[in-house]
Amino acid sequence: CVPAGSFIAFDYRVKHRGLGNSSRDARPLLYVTYAKPFFADLTNFSRKRYPELPEVAECANRDERVKRREHSRLQQHQSTSTTPRARRAASAG
C-alpha cells in the first residue's frame, strides 16, 4: 500500500493488481502507459474492451491558448467588475 496521492511507476508488463474501491468516495486514477511501437498489449488494452473515445479537441499552439485564456479572463473580469447599473449604461450608450 502507498499513501493517497502517491506516484507509482512500474513496467506494465509485470503482473500487478489493485484492490477495489470499498469506500463511498470516488477514487480517480490516471493510468498512463508508454511502449515501443512494436509492443501491443492486446489482452489488457484492446479496442473491444474499452468504449470509443470522444474526438480529440483541435490542437492549439501555446500562443493561441494564452490568447484564449486572456480573452476568457477579460470577459469574466468585465462581467464581475461593474455594477448592473454601469453595465446597463454601457450597453445603452
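**A first look at this chain**

Five arginines, Arg-62, Arg-65, Arg-68, Arg-69 and Arg-73, form a positive surface patch. This is a predicted model, and its chain holds two helices and zero strands.

**The chain overall**
- Of the 93 residues in the chain, 4% are buried.
- The chain has an accessible surface of about 10,000 Å², and carbon and sulfur atoms account for 55% of that surface.

**The positive patch and its helix**

**The nonpolar patch**
- Val-2, Ile-8, Phe-10, Leu-29, Tyr-31, Phe-45 and Tyr-50 together make a nonpolar surface patch of about 720 Å².
- To pick out one of these residues, look for Tyr-31 in the segment before α1.
- Tyr-31 has a relative accessible area of 38%, so this residue counts as partly exposed, a class that runs between 20% and 50%.

**A glycine to look for**
- Gly-18 is another residue placed in the segment before α1.
- With a relative accessibility of 62%, Gly-18 is classed as exposed, because the cut-off for that class is over 50%.
- Gly-18 and Cys-1 are 17 residues apart along the chain, and a distance of 9.3 Å separates their C-alpha atoms.

Conventions
Residues numbered from 1 in each chain as written. Predicted model: local features only at pLDDT ≥ 70, side-chain atom pairs only at ≥ 80, totals over all residues. Heavy atoms only, no water. Patch = residues over 30% accessible without salt bridge, like charges linked within 9 Å, V, L, I, M, F, W, Y side chains within 5 Å. Areas by Shrake-Rupley, 256 points an atom, 1.4 Å probe, with all protein chains shown as cover. Salt bridge = Lys/Arg side-chain N within 4 Å of Asp/Glu carboxyl O. Lys, Arg positive; Asp, Glu negative; His and termini not counted. Charge placed at Lys NZ, Arg CZ, Asp CG, Glu CD. Helix = DSSP H or I, 4+ residues; strand = E, 2+ residues; numbered from the N terminus. Buried < 20%, exposed > 50% of the residue type's maximum accessible area, 1.4 Å probe, protein only.
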